[in-house]
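Hello,

Here is the structure I promised to hand over. Please open it and keep it beside you as you read.

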Amino acid sequence: MLAMDELDTAIVRELQRDARQTNRELARTLGIAPSTCLERVRGLRNRGVITGYRATVDLRALGRPVQALLAVRIRPLSREVIEGFKAYLVTLPEVLSVFVVAGGDDFLVHVSVADVDRLHAFLMDRVSGRKEVVDFRSSIIYQHVAGDVITEL
């Protein structure tokens, strides 16, 4: 992969800040020609640096204000079991993110639901009943702050 130069870094930073801006707006912000900007953005996509554009949503406005992190242990620890459980999790509408981790737990799962009763139902119906799950813990998230922009690339 080609190294990122200062212009690539600036483009990525600006698109993380506002991915909806037009190519002309982005070029104007960076002080470059629109054709140069378009070529650079295409290059960043082709190199896999930019992998997509997303809308950030307010979970409370969607009726899913309760968030939790689940720490899950599975057995047996095999590639097949890990991949199967991961594939299962990402199909569930409550699941926002899945992390396969090292240490005492095998997965960290970020979920959002309407209320604590639905969280309990999710844990009982969707997690604890799986034959590969040997242990899980849930932690309610009181506040969630995410950095919008990676400033040092």
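Which residue does Ser 97 stand opposite in β3? Ser 97 stands opposite His 110.

First, some ground rules. This is a predicted model, where local features need pLDDT of at least 70, side-chain atom pairs count only at pLDDT 80 or more, and totals for chains, interfaces and linings use all residues. Residues are numbered from 1 along each chain as its sequence is written, and side-chain values use heavy atoms, leaving out hydrogens and water.

**Domains**

The chain is assigned domain 1 (6-47) and domain 2 (60-141). These bounds come from an automatic or database domain assignment. Their C-alpha centres lie 37 Å apart.

**The sheet**

Helices (H or I, at least four residues) and strands (E, at least two) are DSSP runs, numbered from the N terminus. Four strands form an open sheet in the order β2-β3-β1-β4, with antiparallel pairing. Two strands pair if DSSP finds at least two bridges between them. The edge strands, β2 (95-100) and β4, each pair on one side only.

Now take strand β1 (residues 66-74). β1 pairs with β3 (residues 107-113) over 7 bridges. There, Leu 70 has Val 109 as its bridge partner. Another 8 bridges join β1 to β4 (residues 133-141). Here Ala 68 is partnered by Ile 140. β2 and β3 are joined by 5 bridges, also antiparallel.

**The helices**

In α2 (residues 23-30), the buried residues are Leu 26, Ala 27 and Leu 30. Seen down the axis of α2, they fall within an arc of 100° (taken from the directions from the helix axis to the C-beta atoms), so they line one face of the helix. On the other side, Arg 24 and Arg 28 are exposed (over 50% relative accessible area). The cover over the buried residues of α2 includes α1 (6-17) and α3 (34-46).

α2 and α3 pack at an angle of about 105°, with axes 8 Å apart. Axes are lines fitted to C-alpha atoms, for helices over the stretch in contact (heavy atoms within 4.5 Å), and angles run from 0 to 180 degrees between N-to-C directions. The two helices are therefore roughly perpendicular (65 to 115 degrees). Asn 23, Arg 24, Leu 26 and Ala 27 in α2 meet Pro 34, Cys 37, Leu 38 and Val 41 in α3. After α2 comes Gly 31, with a positive phi near 70°.

Best wishes

Methods: Buried < 20%, exposed > 50% of the residue type's maximum accessible area, 1.4 Å probe, protein only. Parallel < 35°, antiparallel > 145°, perpendicular 65-115°, else oblique.
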